[in-house]
Amino acid sequence: MSVFGARLKQARLLVGLSQEQVGIQADLDPMSASTRMNRYELGNRVPTYELVSRFAKVLKVPTAYFYSASEEEAELLLAFHKLSAAEKRDLLKSLRRS
């Protein structure tokens, strides 16, 4: 399984959606949504960046999360994504001072 496929499956399971549900919500053809999602998760097919962005929106994760090879980086991306705009600005200010 590719990094992308593993992250896609992990994000999907975290929100409790089936492959078909994610595919349909990301505007894939309902007749092929489950099959296509399975192929993406297994790494047999690679979706376009536009489609990955739609998956991110459905799964409520940042698009970059799917491409992060490091577990720590992926965790940071998820945590940062959940912050409010003000919290993000404050955190970035703090990090820049370090």
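Glu50 is exposed, at 55% relative accessibility. This value, like the others in this report, belongs to a predicted model. The threshold for the exposed class is a relative accessible area over 50%, so the value for Glu50 falls in that class.

Glu50 forms a salt bridge with Arg54, and the closest N and O atoms of the pair are 3.3 Å apart. Both residues belong to helix α4, where a spacing of 4 residues separates them by about one helical turn. Arg54 is partly exposed, with a relative accessibility of 27%.

## Salt bridges between helices

The model contains 3 salt bridges in total. In general, side chains of opposite charge can pair when their charged atoms come close.

One of the salt bridges joins the side chains of Arg7 and Glu71, with an N to O distance of 3.2 Å. Because Arg7 lies in helix α1 and Glu71 in helix α5, this pair ties together parts that are 64 residues apart in sequence. The two partners can also be described by their accessibility: Arg7 is buried, at 3%, whereas Glu71 is partly exposed, at 49%.

Another salt bridge is formed by the side chains of Glu41 and Arg12, with an N to O distance of 2.5 Å. Glu41 is part of helix α3 and Arg12 is part of helix α1, so the pair connects parts that are 29 residues apart in sequence. Glu41 is buried, with a relative accessible area of 3%, and Arg12 is buried as well, with a relative accessible area of 9%.

## The largest nonpolar core

In soluble globular proteins, nonpolar side chains tend to be buried together. In this model, the largest nonpolar core has 21 residues. Within this core, the members that touch the most other members are Leu8, Phe55, Leu59, Val61 and Phe66. The elements that each give two or more residues to the core are α1 (3-15), α3 (33-42), α4 (49-59) and α5 (71-82). Helix α4 provides the largest share, with 6 residues.

## The contacts of Leu59

Which residues does Leu59 touch, not counting residues up to four places away in sequence? The contacts are Leu8, Ala11, Arg12, Val15, Leu17, Val22 and Phe66. Two of these, Leu8 and Phe66, are listed with Leu59 among the core residues that touch the most other members. Arg12, also touched by Leu59, is the residue that meets Glu41 in a salt bridge.

Conventions:
Residues numbered from 1 in each chain as written. Predicted model: local features only at pLDDT ≥ 70, side-chain atom pairs only at ≥ 80, totals over all residues. Heavy atoms only, no water. Core = buried A, V, L, I, M, F, W, Y, C linked by side-chain atoms within 4.5 Å. Buried < 20%, exposed > 50% of the residue type's maximum accessible area, 1.4 Å probe, protein only. Contact = heavy atoms within 4.5 Å. Salt bridge = Lys/Arg side-chain N within 4 Å of Asp/Glu carboxyl O.
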